[in-house]
Amino acid sequence: MTATNGADAPRATRSDTVAAVVRQWQTVHPDLDTGPMEIIGRINRSAALLQQAEDAPLRRAGLSRPEFDLLGALRRTGHELTPGELSRETFSSGAAVTKRLKSLTERGLVERRGDDRDRRVAHVRLTDAGRDLVDGILPEQLAYETAVLSGMGEAEQDELAVLLSGLLGRLEGLLGVLRP
């Protein structure tokens, strides 16, 4: 990262909202290392702001983020999935997936059919309306993401993607290990 975007600025000169929070904590607890907060806090704050703006097209379409995630999983895999597979694809509980599928089925965006061999298993697929909805929203979301990243050069974007991939890989590997 280059100094032009503030990444190399000393802690005391950074001016985003997390920097203010860190300065406050340093005043209250000068003995604590707030360095991790500078990274995790910025990731969390950035994620919240990105999510807020990205969810606008979903709200206009009457969808929640978790509902869109289910529709997106069905669209990108290109085939029917069971509720259990959807749960794994979207990192959601089985109960949450069942509730969302009920709503999406009632709205005509997905269809469920029983398994020919095991009546306990259901298969879910997108309807034409569901596919059209996903295909209509996705370009708008990608355009927003492109605009957000447009202030960064390709090398910076690549570097950030690598760093975040490393962090995510470690977190996924530690899932359940760090917290009881």
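**Entry 1: terms and model**

I call a residue buried when its relative accessible area is under 20%, exposed when it is over 50%, and partly exposed in between (1.4 Å probe, protein chains only). I am working on a predicted model, where local features need pLDDT of at least 70, side-chain atom pairs count only at pLDDT 80 or more, and totals for chains, interfaces and linings use all residues. Residues are numbered from 1 along each chain as its sequence is written, and side-chain values use heavy atoms, with hydrogens and water left out.

**Entry 2: the whole chain**

I looked up the secondary structure and found seven helices and two strands in the protein chain. Helices (H or I, at least four residues) and strands (E, at least two) are DSSP runs, numbered from the N terminus. Along the sequence, I read the pattern α-α-α-α-α-β-β-α-α.

The protein chain has 180 residues, and 27% of them are buried. I then looked at contacts, meaning heavy atoms within 4.5 Å. Of the contacts between residues at least 6 apart in sequence, 49% join residues at least 24 apart.

The chain exposes about 12100 Å², with carbon and sulfur atoms supplying 58% of it. Accessible areas come from the Shrake-Rupley method with a 1.4 Å probe, and for residues only the protein chains shown count as cover.

**Entry 3: helix H5**

I checked the length of H5 against its residue count. The expected span of a helix is 1.5 Å times one less than its number of residues. For the 13 residues of H5 this gives 18 Å, and the end C-alpha atoms are 18 Å apart, which agrees.

Which residues of H5 are buried? I noted Val97, Arg100, Leu101 and Leu104. Seen down the axis of H5, the buried residues fall within an arc of 105°, so they line one face of the helix. The arc is that of the directions from the helix axis to the C-beta atoms.

On the other side of H5, I found Ala95, Lys99, Lys102 and Glu106 exposed. The cover over the buried residues of H5 includes helix H3 (65–77), H4, strand S1 (110–114) and strand S2 (122–126). After H5 comes glycine 108, which has a positive phi near 75°.

**Entry 4: phenylalanine 91**

Most residues other than glycine have a negative phi. I therefore noted phenylalanine 91, which counts as exposed at 74% relative accessibility. The phi of phenylalanine 91 is positive, near 55°. Phenylalanine 91 sits in the loop between helix H4 (83–90) and helix H5 (94–106).

**Entry 5: salt bridges**

Side chains of opposite charge can pair when their charged atoms come close. I count a salt bridge when a side-chain nitrogen of Lys or Arg is within 4 Å of a carboxyl oxygen of Asp or Glu. This rule gives 13 salt bridges.

Arginine 42 pairs with glutamate 38, with the closest N and O atoms 3.1 Å apart. The two are four residues apart in helix H2, which means about one helical turn separates them. I found both arginine 42 and glutamate 38 buried.

Where do glutamate 80 and arginine 113 lie? Their closest N and O atoms are 2.9 Å apart, in a salt bridge. This pair links distant parts of the chain, 33 residues apart: glutamate 80 is in the loop between H3 and H4, and arginine 113 is in strand S1. Glutamate 80 is partly exposed at 26% relative accessible area, and arginine 113 is partly exposed at 37%.

Glutamate 106 is exposed at 58%, and lysine 102 is exposed at 51%.

**Entry 6: glutamate 54**

Glutamate 54 is in helix H2 (residues 35–60). At 11% relative accessibility, glutamate 54 is buried. Leaving out residues up to four places away in sequence, I listed its contacts as Arg65, Gln141, Tyr144 and Glu145.

**Entry 7: a nonpolar patch**

Val21, Trp25, Val28 and Met37 make a nonpolar surface patch of about 350 Å². Patches are made of residues with over 30% relative accessible area and no salt bridge: like charges are joined within 9 Å, and nonpolar side chains (Val, Leu, Ile, Met, Phe, Trp, Tyr) within 5 Å. Helix H1 (residues 17–28) gives the largest share of the patch, three residues. Valine 28 belongs to helix H1, and I found valine 28 exposed, at 55% relative accessible area.
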